[in-house]
Amino acid sequence: MMKNKLYNLYLYLKKDFILKIALFIFIVVVFVFNESGYMPVATLVLFGIFFIRHSNCITKFKLPTELKLLNVWIIWALVTGLFVSVNTDMFLKSFFSVFFLVLTVNMLFFILSYDIKNLIVIIFAIFLCGLIQIVAIRYGFQSEEVLEGEREYGLAGNPNSFGLKLVYSSIAICLFLGKDKFKLNLKLIISVFLYFLFMEGIFASGSRKSALSLLLFTIGFIGIYYVNKRNVVKISNILLLVLVLFLISQLFLPYIIEGTMLQTRFQMLEEAGGIAGDIRYQMYKFGMDLFAQHPIFGVGLNNYRMYFYTHQYSHSDYIESLTNTGLIGFILYQSFFVIIFYKACVLIKKVRFKTIRFYILMSALIVIIIKFIAFGIILYFSPQPIIIMACIMSYLSYIEKKYKMNQLNE
C-alpha cells in the first residue's frame with residue numbers, strides 16, 4: 001500500500017516537474033519572503049514556465065463569474081481612482097500592486113484548471129512555510145530589532161503578519177489530515193505536535209486576530225469532521241456543534257493563554273477601554289463618514305490614509321474597499337468572496353461523496369475565516385489570503401464542472 005502511494009507520488013511529481021518546482025518556490029516566497037520584494041520575480045518565473053509549456057490550454061478554460069467580477073473591479077478602481085485620488089502617486093503605486101495580485105489570481109486559476117492536483121504542491125508549501133517561520137524563531141534568523149522586542153515576528157514584517165501566516169500553515173495541516181478516521185499513529189502524532197507548535201508561535205506573536213481565527217477554524221474543523229460522517233450534511237447541525245464547542249472553549253481559554261504575550265495583548269485591550277477604545281474602532285467610524293461623502297466612486301486605492309488624521313490605512317478590508325472604490329466597487333470586490341462561499345454551500349447539498357464533500361466544507365470554512373481576518377487587514381494588500389481564495393475558487397470550479405458532467409468519484 002505504501003509502495004503504491006510512493007509510486008503514484010513519483011508519477012505525479014515527474015509530470016511537469018519544473019512547473020511544480022516553480023509553483024512551490026512561488027508559494028514559499030509569497031508566504032515567507034513577500035516583504036523582501038522577491039514575489040514579482042517568483043511570479044513571473046512561474047507564469048513564464050506555464051506559458052511556455054501550456055499556453056495553448058488557456059483558451060480552454062472559462063473564467064468563473066467571481067473572477068470576472070474581480071477583474072471588472074480592478075478596472076473600476078483604475079478608472080475612478082485616476083479622477084478622485086488626492087495623492088495620485090500613492091494611488092498608482094497601490095493600483096499596480098493590486099493589479100499584479102489580481103493577475104496572479106487569474107494565472108493560478110489557469111494553472112490549477114490545467115491540473116487540479118497542483119493544489120497538493122500549494123498546500124504542502126504553505127505548511128512548510130510555517131515550519132520555516134518556527135525555525136527562524138528557534139535559531140534566531142531574525143533582525144536584532146525583532147529579537148529585542150517582546151512579540152515574535154519570525155521572518156514576517158510584523159507580528160500580526162507572522163501570526164496569520166502560522167494560521168494558514170495550521171489550516172494546511174488539517175487539509176492533509178483530511179476526513180480519515182483519527183487513529184493514534186505517527187501521522188496523527190506529528191500533525192498534532194506541529195499544530196500546537198504553530199499555536200505556540202501565534203501566542204508568542206500576540207496577534208489577537210490570529211488567535212481568534214485559529215480558534216474559529218479549530219472549532220469549525222471539529223464540527224465538519226463529525227457532521228460529515230453522515231450521508232446528508234445539515235449546515236444547522238454544524239452551526240449547533242460549533243456553538244457548543246465555542247462556549248466550552250471559553251472555559252479553558254484563559255488558562256491556555258495564561259502567561260503568554262497573547263494574554264498581555266488582551267489585557268492591554270481591556271485597559272484601553274475594549275473595542276471602543278481601540279483606534280481601529282475610530283477608523284471604522286471615520287470610514288463610514290468618508291463613504292457617506294464619496295458614496296459612488298470612493299477616494300481611490302490607498303487614499304483613505306490621506307483623510308484620516310493619523311494618515312494610516314483603515315486596517316479593514318471592508319472599510320478600505322468601501323471608501324477606496326465606492327459602493328459599486330465594494331459590491332464588485334466583495335462578490336468575489338460571496339459567490340465562492342455560495343458555490344461551496346450549493347455543492348455541499350449536491351455532492352454525496354464524503355471525501356469531496358469534506359474539502360468543500362473546508363473550503364467554505366476557510367472563506368469564513370478569511371472574511372473574519374478581513375476585519376483586521378486589507379486582503380487585496382495581502383497576497384496570502386488572496387492566493388488561498390484563488391485556490392478555493394479553482395477547486396470549487398473544478399468540482400462544479402465535474403458534477404455537471406457526472407464525473408465525480410471518491
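Me: Is His315 buried, partly exposed or exposed?
Reply: Buried means under 20% relative accessible area, exposed means over 50%, and partly exposed lies in between (1.4 Å probe, protein chains only). The relative accessibility of His315 is 13%, so this residue counts as buried. This is a predicted model, in which local features need pLDDT of at least 70 and side-chain atom pairs count only at pLDDT 80 or more, whereas totals for chains, interfaces and linings use all residues. Residues are numbered from 1 along each chain as its sequence is written, and side-chain values use heavy atoms, with hydrogens and water left out. For His315, then, the class is buried.

Me: Which loop holds His315, and what is its phi?
Reply: Helices (H or I, at least four residues) and strands (E, at least two) are DSSP runs, numbered from the N terminus. On that basis His315 is placed in the loop between α13 and α14. Although His315 is not a glycine, its phi is positive, at about 60°.

Me: How far apart in space are Pro64 and Ile340, C-alpha to C-alpha?
Reply: Pro64 sits in the loop between α3 (39–54) and α4, and it is buried because its relative accessible area is 7%. With neighbours up to four places away in sequence not counted, Pro64 touches Phe109, Lys343, Met393 and Ser397 (contact: heavy atoms within 4.5 Å). Pro64 and Ile340 are 276 residues apart in sequence, yet their C-alpha separation is 9.6 Å.

Me: Which residues does Ser363 contact, leaving aside neighbours within four places in sequence?
Reply: Ser363 is part of helix α15 (residues 354–373). At 6% relative accessibility it counts as buried. Its contacts, with those neighbours left aside, are Ile392, Tyr395 and Leu396.

Me: How many residues make up the largest nonpolar core?
Reply: A nonpolar core is a set of buried Ala, Val, Leu, Ile, Met, Phe, Trp, Tyr and Cys residues joined through side-chain atoms within 4.5 Å. In the largest one, the residues with the most contacts inside it include Trp73, Phe217 and Met362. Apart from it lies another core, of six residues, among them Met283, Tyr304, Phe308 and Ile319. The largest core has 111 residues.

Me: Which helix gives the most to the lining of the largest cavity?
Reply: On a 1 Å grid over the protein atoms alone, a cavity is a set of points where a 1.4 Å probe fits but cannot get out, and lining residues have an atom within 4 Å of a point. The lining of the largest cavity includes Leu70, Trp73, Val98 and Tyr333, and α4 (65–84) and α5 (88–114) each supply at least two of its residues. The greatest contribution, four residues, comes from α5.

Me: What share of the chain counts as buried?
Reply: The chain contains 16 helices and zero strands. Among its contacts between residues at least 6 apart in sequence, 76% join residues at least 24 apart. Of the 410 residues, the share that counts as buried is 51%.

Technical notes: On a 1 Å grid over the protein atoms alone, a cavity is a set of points where a 1.4 Å probe fits but cannot get out, and a pocket is an open set with protein on both sides within 12 Å along at least five of seven lines; lining residues have an atom within 4 Å of a point.
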